[in-house]
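I opened this model to look up a few local features and kept notes as I went. The entries follow the order in which I looked.

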Amino acid sequence: MSSEAKPQTSKIQRVLVVGGTHGNERTGVYVVKAIEQNPAIVSAYSFEVIPLLANPQAIAANTRYIDRDLNRCFDKKDVANPELLGVENQLAKEYTAKFGADGTESVDVIIDTHTSTANTGQTIIPISNSPENLRLAAYLADLDPTIRVHLGLHSQQDSPMLRSLATLGCTIEVGPIPQGILDAKIFQYTKKLLLATLDYCEQLRQGITPATSGSLTLYQAIDTIDYPRNGQGDLTAMIHADRQGQDYQPMNTGDPLFYDLQGQTIAYEGSQTVYPVFINEAAYYEKGIAMVITEKQTITISE
Ligand SMILES: [Zn+2]
């Protein structure tokens with residue numbers, strides 16, 4: 001990487017480690033609780049690690065959110081809107097005032113831990129597509145060939161997500177796991193990726209540019225596909241059995257996509273080979289998303 005990125009990232013002073021942005025994704029909640037109960041897990045780092053249970057009411061209720069998805073509340077216009085008074089809008093205002101760029105405890109890095117009911121495996125979603133974030137993603141992807149890097153539709157800094165309060169960091173998204181469940185393997189993957197991200201930050205803090213293999217495979221979101229629905233918005237088909245669980249696998253024209261209530265297969269009609277992710281994510285039914293469509297790209301990470 002070019003040297004101009006160093007001055008910004010080597011000044012890391014505070015890292016926010018978040019669980020429970022979605023209250024029914026218990027893995028992150030308990031990773032954060034593990035740190036709270038045993039601060040020695042992170043005490044060797046030379047920067048401050050701030051553990052945060054982001055949505056306590058939703059965590060207590062074991063639900064994704066109370067009024068609105070917290071991870072869609074950080075749009076600057078919404079944060080500045082005094083008429084938005086729901087639980088999550090209030091939290092977004094509080095966290096922006098505290099942890100945001102002009103906040104009282106401004107953080108340099110955010111690591112937000114999530115799980116998915118889809119077969120995401122170990123997925124890293126960088127905060128943005130900046131060279132600093134892509135280097136972090138490459139470093140993490142080099143740990144294990146099964147780790148995937150997904151760039152969301154909101155891959156720029158001005159996204160409505162909690163992670164957008166910092167300029168460096170990522171969402172760790174591990175699955176498949178049902179909502180409300182703890183699973184030791186998913187917990188271990190999440191904790192491993194979290195600590196690896198903190199190790200990366202420590203190297204930056206020491207003025208070291210962390211080494212990577214020099215190559216990164218990215219799954220860049222380009223669109224979403226909704227379920228087939230009737231005029232009332234009700235589902236008329238489900239994910240086809242051949243597509244279920246096939247996150248990050250190529251989908252070509254004519255491949256089975258949905259299976260309707262009458263037993264008919266609905267094929268993918270797009271002309272381009274795509275790589276669907278978040279297939280059949282439980283939380284996305286209400287968002288009108290049956291899957292996120294990505295393009296597979298390989299980029300070079302310069303030394
Ligand atoms: Zn989540």
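Which residue just after H7 takes a positive phi? I found that Gly-207 does, with a phi of about 85°.

**Ground rules.** I am working with a predicted model, in which local features need pLDDT of at least 70 and side-chain atom pairs count only at pLDDT 80 or more, while totals for chains, interfaces and linings use all residues. Residues are numbered from 1 along each chain as its sequence is written, and side-chain values use heavy atoms, with hydrogens and water left out. Helices (H or I, at least four residues) and strands (E, at least two) are DSSP runs numbered from the N terminus.

**Entry 1, helix H7.** I looked up the span of H7, residues 184-205. The helix has 22 residues and reaches 31 Å from its first C-alpha to its last, close to the 32 Å expected at 1.5 Å a residue. The expected span is 1.5 Å times one less than the number of residues. At the N-terminal end I found Asp-183 as the cap, with a side-chain oxygen 2.9 Å from the backbone nitrogen of Lys-185. For such a polar contact, the pair of N or O atoms must lie within 3.5 Å; within protein, one must be able to donate a hydrogen and the other to accept it, and residues adjacent in sequence count only if both atoms are side-chain atoms.

I then checked burial, where buried means under 20% relative accessible area, exposed over 50%, and partly exposed in between (1.4 Å probe, protein chains only). The buried residues of H7 include Ile-186, Thr-190, Leu-193, Leu-194, Thr-197 and Tyr-200.

His-22 sits in the loop between strand E1 (14-19) and helix H2 (26-37), and His-114 in strand E3 (residues 109-115), so I have a pair 92 residues apart that links distant parts of the chain. His-22 and His-114 are both buried.

I traced an open sheet in the order E2-E1-E3-E6-E4-E5-E7-E12-E11, with mixed pairing. Two strands pair if DSSP finds at least two bridges between them. Strand E2 (48-53) and strand E11 (275-277) stand at the edges with a single partner strand each, so one side of each has no neighbour in the sheet. Neighbouring strands are turned by 30° against each other on average, direction ignored. Axes are lines fitted to C-alpha atoms, for helices over the stretch in contact, and angles run from 0 to 180 degrees between N-to-C directions.

E1 and E3 run parallel and are joined by 4 bridges. Val-17 has Ile-111 as its bridge partner in E3, and Val-15 has Val-109. E3 also runs parallel to strand E6 (residues 168-175), with 7 bridges. Across that pairing, Asp-112 partners Thr-171 and Thr-113 stands opposite Ile-172. E4 and E6 are antiparallel, with 6 bridges, and Pro-126 stands opposite Cys-170.

Why did I mark E3 as largely enclosed by the rest of the structure? Because 7 of its 7 residues are buried. Val-109, Ile-111, Thr-113 and Thr-115 lie on one side, and Ile-110, Asp-112 and His-114 on the other. E6 is also largely enclosed, because 8 of its 8 residues are buried. Helix H6 (residues 131-141) has 10 of 11 residues buried, so I put down the helix as largely enclosed too.

Ile-124 is found in strand E4 (residues 121-126). With 0% relative accessibility, Ile-124 counts as buried. Its C-alpha is 10 Å from that of Leu-194, 70 residues apart along the chain.
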